[in-house]
Amino acid sequence: MLDAVTGEPSADISQLIEAWGDGDEEAFHRLVSAVYPELRRMARRQLGRRAAGHSLESAALANEAYLKLVRAGTIQCESRVHFLALCAQVIRRILVDHARSRGYAKRGGNALRVPLDEVLLASESRGVEVLALDRALESLAQLDPRKSRVVELRYFGGLTTEETADVLGISPETAKRDWRMAKAWLFDALAGERT
């Protein structure tokens, strides 16, 4: 398989992750170029959920995620899915930081809003402020860290149920159950915040 950026044969993702974990910076750059299209897809997915008129673009979000990963230095990842899970965390933090830096009010106004798709709240038309979602996820993490992580991986990372289960070391059935329960909990928490 050829690398999409360099045109050279791409190394196995697992080998690149292992080399990066051992401190090889070049392996990290090769890893990112190998998974960058997926990073851009994650960024486009997140930004496609927000209302028009916001300044953050998918390329900027993907590039900021890349820079945060570079600054973090070596991080232990076991596989491509674990690396994407790490990217999901980074993207969530960037979106939250962006919303905070824009000085948005606690409710309404020009707050950065992302609709929680029908997968999360069973309604395409609902939108929730990024900061409200972050607060709700932090509250959920206090009660059940794994369910919060499932939402982060599925919603922010776009991981499948099977990939989420792999990252968390649980069965796909448990991941599905956690996803359903977390959606219900978040729906209640976010509905309560709006009233």
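Trainee: What percentage of the 195 residues of the protein chain count as buried?

Mentor: The figure is 46%. Keep in mind that this is a predicted model.

Trainee: How many helices and strands does the protein chain have?

Mentor: There are 9 helices and 2 strands. In sequence order the pattern reads α-α-α-α-β-α-β-α-α-α-α.

Trainee: What share of the contacts with a separation of 6 or more comes from residues 24 or more positions apart?

Mentor: Such pairs account for 62% of those contacts.

Trainee: Which residues have the most contacts inside the largest nonpolar core?

Mentor: The general idea comes first. In soluble globular proteins, nonpolar side chains tend to be buried together. Here the largest nonpolar core has 51 residues, and Leu31, Leu61, Phe83 and Leu95 have the most contacts inside it. Helices H1, H2, H3, H4, H6, H7 and H9 each give two or more residues to this core. H4 supplies the largest share, 13 residues.

Trainee: Leaving aside neighbours within four places in sequence, which residues is phenylalanine 83 in contact with?

Mentor: Phenylalanine 83 touches Ile17, Trp20, Phe28, Leu31, Val32, Val35, Leu69 and Cys77.

Trainee: At what angle do the axes of helix H6 and helix H7 cross?

Mentor: Again, the idea first. Two packed helices are described by the angle between their axes and the distance between the axes. For H6 (residues 130-143) and H7 (residues 145-156), the axes cross at roughly 145 degrees and come within 6 Å. On the H6 side the contact includes Leu133, Leu137 and Leu140; on the H7 side, Val151, Tyr155 and Phe156 are among the residues. The contact residues divide into 9 nonpolar, 1 polar and 1 charged.

Trainee: How many salt bridges are there?

Mentor: The count is 8. The cut-off is a side-chain nitrogen of Lys or Arg within 4 Å of a carboxyl oxygen of Asp or Glu.

Trainee: Which residue meets aspartate 134 in a salt bridge?

Mentor: Arginine 92, at 2.6 Å from N to O. Aspartate 134 sits in H6 and arginine 92 in H4, 42 residues apart. Aspartate 134 is buried at 2% relative accessibility. Arginine 92 is buried too, at 6%. Arginine 92 also forms a salt bridge with glutamate 152, with the closest N and O atoms 3.1 Å apart. That pair links H4 to H7 across 60 residues.

Trainee: Which residue forms a salt bridge with aspartate 178?

Mentor: Lysine 147, with the closest N and O atoms 3.5 Å apart. Aspartate 178 lies in H9 and lysine 147 in H7, so the pair ties together parts 31 residues apart in sequence. Aspartate 178 is buried at 1% relative accessibility, and lysine 147 is buried at 11%.

Trainee: Which residues do salt bridges that share partners join into one network?

Mentor: Arg92, Arg93, Asp134, Arg149 and Glu152.

Notes: Residues numbered from 1 in each chain as written. Predicted model: local features only at pLDDT ≥ 70, side-chain atom pairs only at ≥ 80, totals over all residues. Heavy atoms only, no water. Helix = DSSP H or I, 4+ residues; strand = E, 2+ residues; numbered from the N terminus. Buried < 20%, exposed > 50% of the residue type's maximum accessible area, 1.4 Å probe, protein only. Contact = heavy atoms within 4.5 Å. Axes fitted to C-alpha atoms, helices over the stretch in contact; angles between N-to-C directions. Nonpolar A, V, L, I, M, F, W, Y, C, P; charged D, E, K, R; others polar. Core = buried A, V, L, I, M, F, W, Y, C linked by side-chain atoms within 4.5 Å.
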